[in-house]
Amino acid sequence: MGIIDVDNLPYPDGDFYAFEDLLSDKERDRLHEIRAWLTAEVKPHAADWWNAGEFPHHMIPKIAELDVMSPVYRQGYSNLFAGLCHAEVTRADTSFATFLGVHDGLFTGSIEALASEEQKAAWLPDIYAMKKIGAFGLTEPLGGSDVAGGTRTTARRDGDNWILNGEKRWIGNATFSDWVVIYARDLEDNQVKGFMVDTKTPGYTATKIENKIALRTVQNADIVLDNVVISDDFHLKGANSFRDTNKVLKVTRLAVAWQAVGQQMAAFDVARKYAVERKQFGKPLASFQLVQEQLVKILGNTVSSLGMMVRLAQLEDLGQAKDEQSALAKAFTTARMRESVALGRSILGGNGIVTDYGMAKIFADAEAIYSYEGTYEINTLVTGRAITGVAAFV
């Protein structure tokens with residue numbers, strides 16, 4: 001058996017079917033630039049941030065300088081490039097990807113999709129420059145998968161103002177964000193509407209959720225809105241029903257499916273490196289047939305997930321992607337991800353349950369990806385309704 005060069009393994013980027021070759025030269029160079037930055041600036045510190053349960057606020061100006069905000073809407077890149085960027089950030093650190101997914105996807109996406117042109121002109125420059133950080137308030141203590149049926153948080157029109165009351169839960173970035181988009185049910189017409197809320201507004205409080213086993217770096221919060229008064233100028237003019245809200249969720253559901261791809265890439269990176277370095281019975285773990293089978297299973301799951309997402313990105317570029325296709329992608333990729341990270345943790349044995357070796361954090365964070373932006377079960381039922389014409393939600 002020859003000496004294994006762990007620094008020069010075959011397929012070093014894990015792109016087994018060369019999907020990156022579908023990008024333009026400009027996009028591929030940009031992706032590699034982002035990957036190099038993440039490898040140098042984020043990946044070495046991710047476990048420390050995670051263990052401490054603290055967000056690295058000092059990184060925000062560096063992210064702003066990297067200029068990764070809104071690559072499709074603002075910068076004109078393809079959806080495939082944007083998706084591969086989502087995967088790459090997750091590959092470096094899932095919490096970092098979630099922070100960006102909340103700020104750039106859910107929050108900024110709400111403004112891009114639902115604000116008036118005047119509102120966009122007023123708000124987006126500082127948001128794109130990351131001078132203002134945002135959060136997205138939809139989920140509630142008693143409203144998760146069923147929130148589409150009507151939020152308990154309410155909005156009441158009072159002249160030129162709105163008065164918001166209610167609670168939100170699991171709101172990423174909310175402990176330090178400057179703004180939060182709050183979705184609330186209008187008491188007059190019973191429709192869900194969207195509002196930009198300054199987090200310094202009287203009556204608004206956000207309390208960090210403690211004791212998480214996943215995404216510990218992300219600052220999730222419980223929000224209380226106690227007679228929060230905002231001007232009608234801060235009602236998102238295009239957000240007047242849950243159908244409008246779903247325009248944002250369709251896109252962000254795709255981003256989470258890309259996160260599931262990145263999570264599998266991360267699991268493959270760690271598991272393969274460990275398998276070739278770690279020796280058992282006098283030879284590398286990688287020399288055992290069962291270990292190779294597990295590695296190939298992780299790779300196969302990753303490639304199949306990536307292939308689905310590549311096609312969906314192409315449909316997005318053509319303006320042909322459907323809600324049920326996003327739902328299937330989120331359900332399928334996260335299910336494959338769950339299997340992949342479990343196999344990766346198994347390869348590391350006992351070292352797979354401590355963050356020192358990378359895999360424990362990947363394994364734990366996968367559970368959050370599996371649940372947010374629509375659970376596996378809800379996305380399965382969305383897809384099932386599309387292929388049968390029969391709703392089976394209740």
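Modeller: Helices are DSSP runs of H or I with at least four residues and strands are runs of E with at least two, both numbered from the N terminus. The model is predicted: local features need pLDDT of at least 70, side-chain atom pairs count only at pLDDT 80 or more, and totals for chains, interfaces and linings use all residues. Residues are numbered from 1 along each chain as its sequence is written, and side-chain values use heavy atoms, with hydrogens and water left out.

Colleague: How many Å apart are the end C-alpha atoms of residues 244-387?

Modeller: UniProt lists these residues as "domain: Acyl-CoA dehydrogenase/oxidase C-terminal" in an unreviewed entry. UniProt positions follow the numbering used here, feature names are shortened, and annotations may be inferred rather than shown by experiment. The span is 79% helix and 3% strand. Its end C-alpha atoms are separated by 23 Å.

Colleague: What percentage of residues 26-129 is strand?

Modeller: The unreviewed UniProt entry places "domain: Acyl-CoA dehydrogenase/oxidase N-terminal" at these residues. Their end C-alpha atoms are 22 Å apart.

Colleague: Is Thr 108 buried or exposed?

Modeller: Thr 108 is in helix α5, residues 94-114. Beyond four places in sequence, Thr 108 touches Met 69, His 103, Leu 124, Ile 127 and Tyr 128, where contact means heavy atoms within 4.5 Å. Buried means under 20% relative accessible area, exposed over 50% and partly exposed in between, with a 1.4 Å probe and protein chains only. Since its relative accessible area is 0%, Thr 108 is buried.

Colleague: Where does Met 130 lie?

Modeller: Met 130 has a positive phi, near 60 degrees, without being a glycine. Because its relative accessibility is 6%, Met 130 counts as buried. Its place is the loop between α6 (117-128) and β1 (134-137).

Colleague: Which element supplies the largest share of the lining of the second largest pocket?

Modeller: On a 1 Å grid over the protein atoms alone, a pocket is an open set of points with protein on both sides within 12 Å along at least five of seven lines, a cavity is a set where a 1.4 Å probe fits but cannot get out, and lining residues have an atom within 4 Å of a point. The pocket holds about 960 Å³, a volume being the space filled by probe spheres set on points joined across faces, edges and corners. Of its 34 lining residues, Lys 43, Ala 266, Asp 269, Val 270 and Lys 273 lie nearest the centre. The largest share, eight residues, comes from α7.
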